[in-house]
Amino acid sequence: MSRNDEKPMGIGAKSLNMLKKIEMDKYGPFLALLVLFVVSAFASPYFLRLRNLTNILRQVSYTGIIGLGMTFVIISGGIDLSVGSMLALVGGIGIMLLNYLGGGAGAIVAVFFASILVGALAGAMNGFAITKGRVAPFIVTLGTMSIFRSLTLFISNAGEFRSQSSLYPSLGMGYFLGLPNPVWIFLLLTALFHVVLYHTRFGRYVCAVGSNERVAVYAAIKSTWIKFYTYVILGATVGISAVLLSSRLNSISSTNAGAGYELDAIAAVIIGGTSLSGGSGSIIGTMIGALILGIVNNMLNMLGVSPYLQGTVKGIVIIGAVLIQRKGRRLF
Amino acid sequence: MPDPLVKTVHLAKEFSGVRVLNNINTEIEQGEIFGIIGENGAGKSTLIKLLNGTYIPTEGEIFFEGNRVHLNTAVAKNLGISTIPQEFNLVNDLNVYENIFLGREYRRPGGLLDHRRMKHRAKELLEALKADVCPTMKIQTCSVAEKQMVEIAKAVAYNSKLLIMDEPTTVLTPIEIGILFDLIHRLREDGVTIIYISHKLKEVRQVCDRVMVLRDGEFISLDKASDIDEHEMANKMVGRELEQIFPPKPIPADDLVMRVENLSVPGLLYDISFELHKGEILGFAGLGGSGRTELAETIIGIRKKSAGTIFINGRKRSIKSPSDAIANHIAYLPEDRQGTGVLVDFSVTNNVTLGSLKKYARVLINHRKEVAQTRKYVKEFDIRTPSLRTKLRYLSGGNQQKVSLAKSLDSQPEIFIFDEPTRGIDINAKMHIFSFVHDLVESGISCIFISSELEEIIGVCNRVIVMREGRIAGNLTGSDINEEEIMQRATGVKQGVAA
């Protein structure tokens, strides 16, 4: 039916309803986090221990950082399934480089930036195939998911990339002002990306392209470049996550590293209120989404739920989050 | 006298306490063509949604063939009430007959689809409508007019007694409109009652038996179409005497602003050359598919041209993308408002600055500046919106169009291309747009004005280029700008470019 013709509501009622809706969209994930936090605090006496809380924060950082990049991709109307495999590949290359460079402090810094670069490059490959090749993001990244993993396995002969640096773990294991280093990076990136999404042209254009690409093109927005860059940014976040993970373990397993990360990253984005159909979303929401997933995992562990069942709970949380958001929308 | 087909008593509808339709008492006779007119927000859509069961009335009763009915969409369908919406409900990937029988397919014993029978019946239906549409054609490949025929065939297949048409002619060419009107009259002869909603008063007068006017949810009048002229209709809709609809035409300067030479796009445009003067309003008339929108899209770099040059202020310019167009101070107001004009999920502010965001951002966007500029436009164009943060989805068509205008204007163009700027908006908003165009050219901006409404072209433009099948079929000035001259060239009755 016509949407642009007559709207059945008076202006006063309209704005009131819209207010409610905005609030729900904006604060829904935050409220869920709050409730979960309080429930967890009562459910287990160990939950509120500082050590446990910092552990949760650290655990969610790796997929959370990727989720931040994924938020841009999903808002622009895309998806990236290759991030888990990409992480293994970038991490593996990083460790090879580290060993080659001798494993000193300078080498670690070099590896940090090189990994971002390699990740960005891998993301650029995805972006290129998607924008220039005009292949659906799902297909392209399904393909590269397989390619990246296979290359990692091939290079390491299905074994492990092991770092020979004794200094390297201090990056991933270390603390700064009482918080683990990965957590700091996660928080800093959250702040940075939040600013990029809401306060820069690029962020606005990402939303415009995801909302309606044709309108964006007519408004002189170079939509193919915008989409391309979202994959490059995501690749860069994968690079950062790869360094943090490999420096914590001082190794990268070619078979396990990053396995399932794509799902956790996408889940964080969706739980955070970003719609899979694109157009709008929230970086802070993604951070909250990652935290929700982390707390749920933590609680299940503490309550002694079989690890085999944790996937079920995670799945229910994801579907439930979307259902609640959908409901919230339909009520008004 | 038989019972009226539809009778409403004290019909009213509220949304969250706001009354959008109040105390409608009317009778629609069997087999009449009943027109409903009113501005955007007058309650037309609400009324038809009450009649087709989409909404449940807050108050009042609906009688159908003399019986009190409680409508929902299923009941309405069973009673034979069908609606042909403004935007069609057809599945693009299915073909014509599959769409006609969607949801009530003929089946063979055993449950498999009986394609042969459906095709056969679809062919019968379409033939009865004298519609030249092949039942096995994919909807994707149908023209808008053909899609509408399919919608009508769908309605007829349901044995409709009441057919509600919401703005059926907005997307049709004059010839297609003629075919539609014949069809409407044939349907009436078959005993189908038709509710006809349109912004085009002339058509309403031409096709309807009686015309009801709504304003702000209230019943205003019900007249025989022969007793009321367009001027009276417009006055009743607006509730006050309308001043002259078209502002006076400013006189353009002699300076050449843009020259297009031998522009071609294979299969769409052939050898298009024209000039645009400073402060001129150059009209482009023609039938749907004559290449006017394609020409605009080629000028702003969305389509690739195979040949031709564009000169701006005497200099040859290469425009390969919309950002090149903006760099050359060319703005385009797209024809398809929601498809290419505005982002319905973006706020008013974010829409206005979408194409000109550079002005508001070094590294970070200066939100305050954005809002201030938008507020200026909202005031200047009288954009009715609860707030600047309201998503465009919640604005009426006319207000969306004004936002689209503000967006195009914000890139500070010297050449402004309007493509069907008044499509689907009410008379008040139309007048706003005409006066906006007038103010633009007064300030020295040159305009290209594409429209399928001849009245508008004639009322607004200094000069008119008529297009037909991708070619220029006439270049009219002065007293040559009249309906007959334009139509003859647009349809190819009269050929050659007049001096």
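What follows is a short chat about parts of chain B in a predicted model.

Reader: Hi! Before we start, what are the ground rules here?
Author: This is a predicted model, where local features need pLDDT of at least 70, side-chain atom pairs count only at pLDDT 80 or more, and totals for chains, interfaces and linings use all residues. Residues are numbered from 1 along each chain as its sequence is written, while chains are lettered from A and ligands numbered from 1 in the order in which they are written.

Reader: Great. Why is helix 9 of chain B largely enclosed by the rest of the structure?
Author: Seven of its eight residues, 292-299, are buried, so the rest of the structure largely encloses helix 9 of chain B. Buried takes 20 or more other C-beta atoms within 10 Å of the residue's own, with C-beta atoms placed from the backbone; helices are DSSP runs of H or I, at least four residues, and strands are E runs of at least two, numbered from the N terminus.

Reader: And which residues of helix 9 of chain B are buried?
Author: Among them are Arg292(B), Leu295(B) and Ile299(B). Just after that helix, Gly301(B) takes a positive phi of about 85 degrees.

Reader: Switching topic: how many residues of strand 9 of chain B are buried?
Author: Five of its six, residues 210-215.

Reader: Nice, what stands opposite Val213(B) in strand 10 of chain B?
Author: That's Ser221(B).

Technical notes: Buried ≥ 20, exposed ≤ 12 C-beta atoms within 10 Å, placed from the backbone. Pairing = 2+ DSSP bridges.
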